[in-house]
Amino acid sequence: MSTTIMKTATKTPFESFLTQHDEEGWLAAVTALLRSIHEVDKTATQIWFSFYPLELFTALQQAADPVQLARELLLQGDYYLKNQIDSSHKFIYGHRFWPEVKKAVEQHADKWNKLQPVSNTPLPQAPDQSLANEILDVAQIVARELKLGPSLLVGITAVAFMTVRQTGLEAFKAAPGKVLLDAKHAKKSPVQVLSARAKDDSQGFFGFLKTVDKKWTVNHDENDDSANYKLNNAQDLAWGAEADRSRDWRALDPRRVEGPIPVECRSASCGTCWVGVIGGAEKLSDVAAREGKQIKKFGYIDTTEPKPLIRLACQAQAHGAVSIVIPPWNGVFGKHLGKTRQDDSDS
Ligand code: FES
């Protein structure tokens, strides 16, 4: 549990409760919740928590000069959740229920704040107030209201809690709370989404004879039917994206200089090309030694899994169709976080 007190204005009791949990505490809560999250959002929720690490937010918040720190960590793109309160989770199935989830979290926070005195010091943690249980309670309230299974609400509710943690309750409340999907995609069922993710490209009648000339589809936005590109069997994800000239990618995101995936070095040196693998992770090559070492140095994920949910697109080779999510920012902050953790444990 973090003992650091943020340099901010007085927090509401609900915000203080959320602040009591450090990155490890949040990840433990998400892990505890995984069994309650619907298959359609299990991976997506974990990807979202990798895309918006609390430790990076805290480091920037506590820095004497956040702009300078962002420069040192080579941060590019939009890494602040406060700028994307309604949009950061568009790739999560539960985004469809965002207006109801957002409202329920606000009401839950208001109830908390009425019951507890305003304080800027961490509250003693009551055993019945575990973060995972709080999230589950709110998800169940929304599930009853919408007459849905709670499993479709748990992931997005966890996201809403972390969004309050990183943006503050006031900014969270001020966001419009909109669903940002068109009617066609908003109507898709979890089964439809899961079966689209599981689908592989047909290679034609003699497909079983093909080797290198097999072609696979990579989808990089499940809510946009045109967000697909093809690559050859065993090409890396970034290589395939380069040929996609279907729109002005740079106008959408200045980091996208060669197709939809931001790239610079293409050799696991810069960290620009990280992606979340929402479907088909098993169809990518195993993480090789260099990718494993570098992705940890960048700060994106710390795992020894051979096919994790976060990959470097310039290193992961596809042997089947995959569905990915492109984060809105990149940087190199693993070393900085390692040092902060060391300082915390020394103090
Ligand atoms: S493009 Fe630099 S790490 Fe992939």
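**Helices, loops and a charged patch**

Student: Is Asn-232 buried or partly exposed?
Tutor: Asn-232 is partly exposed, because its relative accessible area is 25%. Buried means under 20% relative accessible area, exposed over 50%, and partly exposed in between, with a 1.4 Å probe and protein chains only. This is a predicted model, where local features need pLDDT of at least 70, side-chain atom pairs count only at pLDDT 80 or more, and totals for chains, interfaces and linings use all residues. Residues are numbered from 1 along each chain as its sequence is written, and side-chain values use heavy atoms, with hydrogens and water left out.

Student: Where is the place of Asn-232?
Tutor: Asn-232 sits in strand S3. Helices (H or I, at least four residues) and strands (E, at least two) are DSSP runs, numbered from the N terminus. The C-alpha atoms of Asn-232 and Asp-213 are separated by 6.1 Å, with the two residues 19 apart along the chain.

Student: What is the phi of Ala-234?
Tutor: Near 75°, a positive value in a residue other than glycine. Most residues other than glycine have a negative phi. Ala-234 lies in the loop between strand S3 (228–232) and helix H12 (237–242).

Student: And Ala-268, what is its phi?
Tutor: Ala-268 has a positive phi of about 60°, and it is not a glycine either. Its loop runs between helix H13 (249–252) and strand S4 (274–279). Ala-268 is buried because its relative accessible area is 1%, while Ala-234 is partly exposed at 33%.

Student: New topic. How many of the residues of H8 are buried?
Tutor: 16 of the 17, so H8 is largely enclosed by the rest of the structure.

Student: How far apart are the end C-alpha atoms of H8?
Tutor: In helix H8 (residues 151–167) they are 25 Å apart, which agrees with the 24 Å that 17 residues should span at 1.5 Å a residue. The expected span is 1.5 Å times one less than the number of residues. Just after H8, Gly-168 takes a positive phi of about 90°.

Student: What about helix H3, how many residues has it?
Tutor: Helix H3 (residues 39–51) has 13 residues and reaches 19 Å from its first C-alpha to its last, close to the 18 Å expected. Its buried residues include Asp-41, Trp-48 and Phe-49.

Student: Last one. Where does the largest share of the positive patch come from?
Tutor: From helix H14 (residues 289–298), with 3 residues. Arg-290, Lys-293, Lys-297 and Lys-335 form this surface patch. Patches are made of residues with over 30% relative accessible area and no salt bridge, with like charges joined within 9 Å and nonpolar side chains (Val, Leu, Ile, Met, Phe, Trp, Tyr) within 5 Å. A salt bridge is a side-chain nitrogen of Lys or Arg within 4 Å of a carboxyl oxygen of Asp or Glu.

Definitions and conventions:
Areas by Shrake-Rupley, 256 points an atom, 1.4 Å probe, with all protein chains shown as cover. Lys, Arg positive; Asp, Glu negative; His and termini not counted. Charge placed at Lys NZ, Arg CZ, Asp CG, Glu CD.
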